[in-house]
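This report was prepared for a reader who wishes to see the architecture of one protein model set out in words. Please consult the sequence and the coordinates alongside the text.

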Amino acid sequence: MKNIITSISSFEELIKADAIYVDKTDIIYSLIEKGPGMFFCSRPRRFGKTLTLSTFEAIFKGKKELFKGLKIYDKDYDWNEYPVIHIDLGKCQKKNAPELASWFNTSIINIALDNGIELRERDGYDINFDLLIQKMSKKGKLVILIDEYDKILSSNIYNPDVEEMRDVLRGFFEVIKASSALVRFVFITGVTKFSKVSIFSSMNNLSDISLSDDYSLLFGYTELELEHYFGQYIEKGMRALGVSRKRYLERVKRKYDGNRFTPRQREAIYNPVSIGSFFFNGGIDFDNYWINTGATKLIMDVARHIGFDISKDITTPISKSDIAAFDILEMASNTVSAYAYKSLLFQCGYLTIRSMNRRGDIFVLDFPNEEVAEAYSENLLAAYTGKNTESLFKGSDLKSSFDDGDTIEAIEKLRAVYASIAYDLLRDAGEAHYSTAFFCMMKALGARIGSEIETSRGRIDAVLENRRHVYIFEFKYNKTASEALKQIVETKYYEPYMASKKKIHLVGMNFSSSDRNINEWKEEIM
């Protein structure tokens, strides 16, 4: 069994360590063979962007011996050595424009020294970057690789100096554009996609492949890749759990698969860090690995600021143009919309493309898998209630009450949870706050729940389904439970579930602003 190493992002180190490398070199080759070009691709954090850039670097440095056995090895590629400039902005921790400019200058001077070139610090990053390109290109056409270009801005979203920092970034990329005649290949990665006017204003020849179906499988693992590269780990995990291969893979799929980044991507892909961590830890603990590899505070703060209703806003259709170009600095605005926030969730990997219209310009987004849905809900619940899941429920087994069909006990437990939330967090709360908290509670507890379920007669607020029961909820705010129940009955929201032979509970629930809780509810069992 080859080693699983998720902490190494260097292609050369990974190969020399005899670790698993999921071969993407055929897709990489398809980009390289196009000849001189500048490319940009956005993907969520920990989806293999840094490793991909490292693979590009090894190819362009002519290290053919590292690729023996990989798809590119026998391709019609010249394996010539090109001069490479590789800058990782994910390592930059600066907080203002002068510091960022100085960081660029130091990075450029260090690259120059590694290539036997002398530059003067006092000349500034833009002049030195231009000189570096000119001098290195004497050895051949230049390759420029830029990783996590947007990390410095997303880390400083509320920093008053962020616009000046953006100007420094823009100046950096303008040097690349001005030197395009000397360049063989440029590849830029990041999590978010800024409009070209924002950062890449002068790079009119930059090809954005983020939504290109041809490169949709460059990052992440397909079903075939999962079974091929992790086959021995799959066998080990299914034996440890005592389940069949089919059942085991179905559970892995529900937990970690489902990512679609382009409109017509031929298959969903698995999160690479989740798969690597899952099998590294024995392949038996279906934990939330990816969500724990980075901060989520900004995403949760914005959700609470705009009153994001997870039970309704998630499923609202969004246009392709809304996610094709995005400026994360909008999140600092007091007027940020739910559409802009959903674009952020898509860019960051919390939402994926679930379906689209025939023209391919309107998308419906959703959580890609159980890992993301549960972990996002748990974090959002903490943002809305000020408590983590453990302290919020205090040992109350809310899910078991619903599993047992005891609606009375379940609602009482729900009321106790809402009553425990600090007054300040519910003082200005509206319907979205309460329904989102309910949705998050269920997801955080691992329950199967759908929100805003489409029917031929309208949309259901929430459906909670377990092995023996189906609960159909309609929420009202400062109205009556009778109105909520009447809506379920008159619209026949229950019809799609009649064939399941499960006990169907129609539950109308009203939240009161004065009580800051569920003040009444009614149930009809079918």
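## Basis of the description

The model is predicted; local features need pLDDT of at least 70, side-chain atom pairs count only at pLDDT 80 or more, and totals for chains, interfaces and linings use all residues. Residues are numbered from 1 along each chain as its sequence is written, and side-chain values use heavy atoms, with hydrogens and water left out.

Helices (H or I, at least four residues) and strands (E, at least two) are DSSP runs, numbered from the N terminus.

## The five-stranded sheet

Five strands form an open sheet in the order β2-β3-β4-β1-β5, with parallel pairing; two strands pair if DSSP finds at least two bridges between them. At the edges stand β2 and β5 (206-208), each of which pairs on one side only. Direction ignored, neighbouring strands of this sheet are turned by 15° against each other on average. Axes are lines fitted to C-alpha atoms, for helices over the stretch in contact, and angles run from 0 to 180 degrees between N-to-C directions.

Strand β3 (residues 142-147) is joined to strand β2 (residues 84-88) by five bridges, and the two run parallel. In this pairing, Asp88 stands opposite Asp147 in β3. Five bridges also link β3 with strand β4 (residues 183-190), again in the parallel sense, and Ile146 stands opposite Ile188 in β4.

## Burial of strand β3

Six of the six residues of β3 are buried, so the strand is largely enclosed by the rest of the structure. Buried means under 20% relative accessible area, exposed over 50%, and partly exposed in between (1.4 Å probe, protein chains only). In a regular strand the side chains alternate between the two faces of the sheet. In β3, Leu142, Ile144 and Ile146 point one way, while Val143, Leu145 and Asp147 point the other way, and all are buried.

## Helix α7 and its packing with α4

Helix α7 (residues 162-178) lies across β1, β2, β3 and β4 and runs at about 160° to β3. Two packed helices are described by the angle between their axes and the distance between the axes. For helix α4 (residues 97-114) and α7, the angle is about 25° and the axes are 8 Å apart. That makes α4 roughly parallel to α7; angles under 35 degrees count as roughly parallel, over 145 as roughly antiparallel, 65 to 115 as roughly perpendicular and the rest as oblique.

The crossing of α4 and α7 is right-handed. A crossing is left-handed if the near helix is turned anticlockwise from the far one by less than a right angle, and right-handed if clockwise. Ala97, Leu100, Ala101 and Phe104 of α4 make the contact with Glu164, Met165, Val168, Leu169 and Phe172 of α7, where contact means heavy atoms within 4.5 Å. By class, these residues comprise eight nonpolar, no polar and one charged. Ala, Val, Leu, Ile, Met, Phe, Trp, Tyr, Cys and Pro count as nonpolar, Asp, Glu, Lys and Arg as charged, and the others, Gly among them, as polar.

## The α10–α11 pair

The axes of helix α10 (residues 245-256) and helix α11 (residues 272-280) come within 11 Å and cross at roughly 135°. These helices are therefore oblique to each other, and their crossing is right-handed. Tyr248, Val252 and Tyr256 of α10 meet Ser274, Ile275, Phe278 and Phe279 of α11 in the contact. Its residues divide into six nonpolar, one polar and no charged.

## The three-stranded sheet

A further open sheet has three strands in the order β6-β8-β7, with antiparallel pairing. Its edge strands are β6 (318-319) and β7 (352-356), each pairing on one side only. Four bridges join β7 to strand β8 (residues 362-366), and these two run antiparallel. Thr352 stands opposite Asp366 in β8.

## Selected residues

Lys49 lies in helix α3 (residues 49-60) and, at 2% relative accessibility, counts as buried. Leaving aside neighbours within four places in sequence, Lys49 is in contact with Arg43, Pro44, Asp147, Glu148, Thr189, Gly190, Val191 and Phe219.

Asp18, although not a glycine, has a positive phi of about 55°. Asp18 is placed in the loop between α1 (11-16) and α2 (25-32) and counts as partly exposed at 44% relative accessibility. Arg46, a residue other than glycine, has a positive phi near 55°. Arg46 lies in the loop between β1 (37-42) and α3 and, at 35% relative accessibility, counts as partly exposed.
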